[in-house]
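This briefing goes through the structure shown below, topic by topic. Keep the sequence and the 3D view at hand while reading.

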Amino acid sequence: MAKTYCAYICSGCGIGDGLDIEALSEVVTGEMSMECKTSGYLCGSEGRALIEKDIQENGVNTVVIGACSPRVMQKEFDFGQDKITVRANLREQVVWAQGKPAEGEEPHAEAAAFLQESAADYMRMACTRAQKTELAVPYQLETEINKTVLVMGGGIAGLTAAQEAALAGYEVILVEKEAALGGKAAGWRKSFPSKAPWTDLEENPVPSLTAAVSGNKKITIKTETEVARIAGSPGNFSVSFKKAGEKSEWDAPAKVTVDEKDLIDKGEKEDPNKGLKVYTEIDPSATKVGSVVLATGWKPADVSQYEHLGYGKVKNVVTNAEFEKMAKAGKVPGNVAFVQSPGGAENDKDFPYCNSVTSMVALKQAQYVCEDNVDGKAYILYQHMRTPGHMELYYKSAQQQNDGIFLTKGNVMNVEEGTDGKLTVAVTDTLLGEAISLSVDMVVLAAGMEPTTLHENTVNLAYRQGPAFSDLELFDGYADSHFICFPYETRRTGVYACGGVRKAETMDETIDDATGAALKAIQCIESTDRGVAVHPRSGDATFPEFFMQRCTQCKRCTEECPFGALDDDEKGTPLPNPTRCRRCGTCMGACPERIIGFKDYNIDLIGSVIKSIEVPEDDEDRLRILVLVCENDAYPALDMAGMKHHKLSHMVRFIPVRCLGSVNMAWIRDALSAGLDGAMLLGCTYGDDYQCHFVKGSEIANKRMENIGDTLSTLGLEPERVTAEQVAITDYDKIPQIVNDFVDAIVEMGPNPFKGF
Amino acid sequence: MTDEQGTSGAILVVGGGISGLTSALEAAEVGNDVFLIEKSASFGGRVAQLNQYFPKLCPPSCGLEINFRRVKNNRKIRTYTMTTVKSVSGVPGNYKVDLEIAPRYVNSNCTACGDCTEACPDMIDNEFNFGMNKSKAAYLPHDMAYPRRYVINKKGLSAEGAKAVQASCKYNAVDLDMKTQNVTINVSSIVWATGWTPYDPTKMDNLKFGQSNAIITNMMMERLAAPNGPTGGAIVRPGDGKAPGSIAFVQCAGSRDENHLEFCSHICCMATLKQMTYVRERYPEAKMYVFYIDLRTPGKYEKFREKLTGDKNSFFIKGKVAEIIPESDGGVTVVAENAVTGEKIHQKVDMAVLATGMQPSLGLQGAPVSLNMDNSGFVISDYEKGMISAGCAKKAADVVTTTQSSTAAALKAIQISRR
């Protein structure tokens with residue numbers, strides 16, 4: 001696009017009171033050679049009309065706005081997708097951030113000059129960015145997009161996802177490894193109340209749902225089938241199916257690290273992928289799909305480890321899943337104890353992977369005992385009955401409807417064989433005020449529901465980073481990456497988990513969950529079709545482009561991508577899959593050759609923006625410190641600090657970045673080489689409770705920063721001139737101190753000795 | 001204002017909390033047109049008032065910020081604040097909805113410069129902080145408010161206040177003559193994401209809310225702990241500002257109770273454990289007493305409970321609180337019976353936090369159209385009619401369950417638009 005520029009500076013909201021707007025315009029017209037206009041109220045109708053007129057009459061298509069934060073007034077300054085708009089944050093991060101002098105405190109004699117210099121730098125940076133930004137061209141797959149949804153697993157979650165996606169008009173392929181659809185829940189005798197008044201058990205919905213799915217023309221059902229591998233990317237996945245339980249040469253290869261590959265090549269290690277097609281090979285008979293719903297469910301947890309409960313040793317000690325099978329097949333025994341917590345006296349935790357499901361299962365199964373037997377007695381021995389929300393009403397009604405259900409809190413200490421084939425259950429600390437001993441026909445243990453991802457690859461991706469989800473141990477084997485705010489997000493784009501594989505859930509919740517996952521799968525397909533990113537940069541039309549001629553096959557980008565978007569060839573040259581990409585730019589930050597970039601965000605662009613900062617010589621009051629700020633949390637926090645008129649040092653210059661993971665250390669090196677005095681990264685918390693929207697970005701950036709210290713030392717610079725800080729979006733009252741303390745430390749060190757070279 | 005027309009495929013989402021935001025965004029990112037309306041002056045709903053989410057102890061504004069950004073970047077979503085549904089006519093797939101927009105007294109000229117707040121001499125109760133402090137009558141609902149536009153509480157404005165506020169605005173954004181506006185839109189379906197209201201604690205006579213400053217609700221605790229709250233994050237007793245040496249947490253204050261809310265409010269156990277971390281962070285030695293019926297911390301939350309039950313100055317008593325007695329020193333005595341030991345407990349504490357439950361807002365205030373509701377006021381979805389409930393309008397739920405059901409609601413709405 002041939003660009004016609006114009007910059008506009010707003011003097012409203014106090015900007016004009018603190019700054020010499022005319023002088024600021026001259027920086028733009030002079031140094032930046034760009035036309036510049038001013039307005040007292042740029043976001044108002046007259047101000048916008050000024051810009052619109054230039055667009056209409058003078059062909060302006062690249063607009064620089066020197067006004068408020070880019071986080072506000074987006075609609076006012078949105079001139080269409082075919083225009084480039086760059087904002088300089090003169091209000092929140094310059095004028096308002098000069099703070100209000102405390103009472104009796106004299107502002108620095110040169111305060112006005114400092115502020116002016118700061119504003120001038122932000123205009124230089126914005127103009128430079130405008131010059132370097134190109135319009136995004138949405139990515140289009142080379143092949144025609146496939147809009148079919150693959151649903152893995154034919155239990156209640158998979159059936160629901162398939163049915164709901166089909167009802168929205170999409171073709172679905174539903175894969176089930178067993179001979180019949182229905183999954184585990186098909187074997188349940190009854191199901192929990194799913195509607196008001198929430199008091200009565202209901203017919204199992206699985207048979208009717210199975211019938212509906214089987215009769216739906218949009219759904220192709222493949223039973224006794226498994227997914228050997230899924231290759232490709234959203235909109236163009238290639239799925240290799242195989243007969244359940246059999247091996248296939250198209251099974252997804254295990255991940256082989258660079259070191260392991262060396263050993264294998266030397267013959268010192270066996271190739272785990274012997275006999276398998278390499279992961280990049282495309283199966284000619286594969287089936288194309290657009291996105292995947294993972295509904296592979298759960299497995300009953302092994303409860304034999306709790307020796308005092310006798311499972312596997314003592315006859316008639318069974319799990320809840322086994323008891324349900326008996327109940328479905330016929331009559332259950334008349335005298336049954338339900339053990340909800342395995343901890344004995346030591347702890348009152350439920351069995352692992354129970355969530356709140358097993359409390360309700362015990363109530364349901366206790367009802368079977370009473371239904372099937374005239375004097376049936378069911379003892380529920382719990383630590384905490386977990387019947388959240390409406391299930392509380394079922395909890396109450398189950399007790400009211402059945403005289404034979406007895407509940408008590410208590411520590412189950414021992415289960416052993418008693419006389420007459422009975423079992424003796426010893427319980428202490430009960431609500432009856434004493435230890436009790438129950439004689440029952442059967443003991444049912446509330447075994448948890450382990451997600452299939454805990455023990456298996458499950459999703460079987462033919463990806464460079466391996467066939468399974470990553471970092472599963474961080475979340476007890478569950479694949480979700482942001483389980484509070486964005487529960488469907490995983491670290492594999494276009495794959496959305498639901499049902500037992502995502503959380504131990506009741507059928508009622510599973511139906512919601514699976515419907516939600518179907519929505520996400522559809523949304524991914526439609527976003528891919530429009531050539532834009534999915535969450536969290538949903539709608540972003542840029543994508544990383546690689547200048548492969550200069551690639552040295554260092555593999556950093558393929559290793560570090562948090563979403564496994566990059567594959568590679570035999571030599572290690574990356575094979576990008578733009579529709580798997582979330583546009584965080586971690587690959588760009590990783591690349592030592594600086595060959596990866598986006599149309600509006602790349603090494604040259606940010607490097608040039610940094611270089612556009614004016615570096616005064618020999619003036620200790622005018623050091624320059626670069627702060628690269630995560631735009632997701634830290635940048636809004638800085639805005640808030642400005643809104644509250646907290647004082648930020650006049651020596652810092654903030655540049656927003658997509659994620660700290662996208663920060664290329666070349667920027668820091670070049671900044672210091674250019675005479676800037678220090679550099680700071682400001683981003684999200686990392687570790688087990690990470691807040692990074694791209695999961696790994698801030699963690700990776702911190703690792704890179706550890707290494708850059710060494711580089712600085714070899715240059716003869718103090719490694720303390722660079723730092724990385726973790727902040728939360730709510731830290732706006734603390735951020736000024738964090739920034740200003742760092743500035744003080746740099747001042748203490750003195751100016752960068754490279755200044756002026 | 002002239003009537004605006006949606007398309008027959010458009011979706012109306014009522015309620016701009018985490019549930020409504022999620023439904024609106026998920027539908028719009030598939031490609032549907034969405035109207036998102038919110039009755040208060042800013043989006044974010046209940047979660048915007050929380051200091052942190054359990055169990056990660058991360059700030060809700062982090063997730064909200066991303067959602068707000070998604071809204072700002074999406075041309076498919078049209079947002080309205082201070083807006084409610086007045087009436088609905090037509091048929092499923094082609095509803096005509098009359099919306100009513102209450103006057104904000106600040107128009108779209110507002111630049112959020114803050115001059116009106118600066119100039120305003122009048123103070124009103126800060127609703128966002130449950131009246132624990134005052135705000136100016138010309139104000140931004142809270143620090144992170146989106147949209148970033150000020151509001152004027154006209155009733156709270158004196159004559160000279162009105163003059164001062166009007167004079168302060170350089171952009172002609174203050175319009176004290178603003179009238180209620182009506183807008184009509186066409187949509188195919190409606191997602192009710194109207195959320196919840198903390199159960200009125202004065203309804204439980206025995207818990208004496210309002211009779212002692214030492215008795216607060218769990219939502220008030222969230223505001224006390226929040227850095228942008230009435231105390232800047234200091235957890236102190238309202239009124240005298242005492243730093244508490246002991247705090248009682250009174251679980252199921254209104255929930256699991258036939259006389260009040262018969263369901264379990266789902267979040268209060270975890271909310272209390274989370275608030276114990278707030279207290280512990282500020283007062284390493286403070287004694288904490290939790291009076292509970294069951295500790296409902298299932299699944300991923302068990303680990304979090306373990307951390308707190310391991311705290312040597314925290315005591316967990318299985319027993320429902322019978323009474324709270326205000327004491328002359330400003331503290332209160334909590335009376336309960338330990339269900340395991342049978343022991344009668346009189347525990348004197350400096351503060352008591354009532355874990356008040358969630359009452360579905362729509363049930364409380366009444367729906368503008370005929371909707372299926374259960375006895376508690378939760379909305380029951382009717383897909384045939386294109387009336388879909390989501391989040392805590394549907395059932396008491398934590399944030400993750402809410403975002404699940406809200407995402408599901410988006411698909412149900414899309415199905416109707418394509419029917």
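Two residues are in contact if their C-beta atoms, placed from the backbone, lie within 7 Å. On that basis, residues 24 or more positions apart account for 73% of the contacts in chain A with a separation of 6 or more. The model is predicted, and its scores are ipTM 0.96 and pTM 0.97.

**Confidence**
- Chain B has a mean pLDDT of 96, and 98% of the residues of chain B reach 70 or more.
- Where pLDDT is low, the predicted coordinates should not be read in detail.

**Chain A overall**
- Chain A has 757 residues, of which 57% are buried.
- The secondary structure of chain A comprises 19 helices and 35 strands.
- Along the principal axes, the C-alpha atoms of chain A fill a box of roughly 100 × 65 × 60 Å.

**Contact between chains A and B**
- On chain A, 67 residues are in contact with 62 residues of chain B.
- Five elements of chain A each supply at least two residues of the side that touches chain B: α6 (156–167), α11 (391–401), β25 (486–490), α12 (507–530) and α16 (634–643).
- With 12 residues, α12(A) gives the most to the side of chain A that touches chain B.
- That side of chain A is made up of 28 nonpolar, 22 polar and 17 charged residues.

**Nonpolar core**
- The largest nonpolar core contains 380 residues.
- Within this core, the residues with the most contacts are A:V64, A:V293, A:F338, B:V250 and B:A352.
- The helix α12(A) supplies the largest share of the core, 10 residues.
- Not counting residues up to four places away in sequence, A:V293 touches A:V149, A:V151, A:M152, A:A161, A:Y496, A:C498, A:A517, A:A518 and A:A521.

**Helix α11 of chain A**
- The buried residues in α11(A) are A:M391, A:E392, A:L393, A:Y394, A:Y395 and A:A398.
- Among the elements that cover the buried residues of α11(A) are α10 (357–372) and β18 (405–409) of chain A.
- The helix α11(A) is also one of the elements that supply at least two residues of the side of chain A that touches chain B.

**A three-stranded sheet in chain A**
- Strands β10, β11 and β12 of chain A form, in that order, an open sheet of 3 strands with antiparallel pairing.
- β10 (225–233) and β12 (287–289) of chain A each have a single partner strand and stand at the edges, so one side of each is left without a neighbour in the sheet.
- From one strand to the next, the twist averages 35 degrees.
- β11 (residues 236–243) of chain A pairs with β12(A) in the antiparallel sense over 3 bridges.
- The bridge partner of A:V239 in β12(A) is A:T287.

**Loop residue A:K177**
- A:K177 is located in the loop between β6 (172–175) and β7 (190–191) of chain A.
- Leaving aside neighbours within four places in sequence, A:K177 is in contact with A:E224, A:T225, A:E226 and A:A244.
- A:K177 and A:Q140 are separated by 37 residues in sequence and by 34 Å in space, C-alpha to C-alpha.

Technical notes. Residues numbered from 1 in each chain as written. Chains lettered and ligands numbered in written order. Predicted model: local features only at pLDDT ≥ 70, side-chain atom pairs only at ≥ 80, totals over all residues. Helix = DSSP H or I, 4+ residues; strand = E, 2+ residues; numbered from the N terminus. Nonpolar A, V, L, I, M, F, W, Y, C, P; charged D, E, K, R; others polar. pLDDT = per-residue confidence, 0-100. Core = buried A, V, L, I, M, F, W, Y, C linked by C-beta atoms within 7 Å. Buried ≥ 20, exposed ≤ 12 C-beta atoms within 10 Å, placed from the backbone. Pairing = 2+ DSSP bridges. Axes fitted to C-alpha atoms, helices over the stretch in contact; angles between N-to-C directions.
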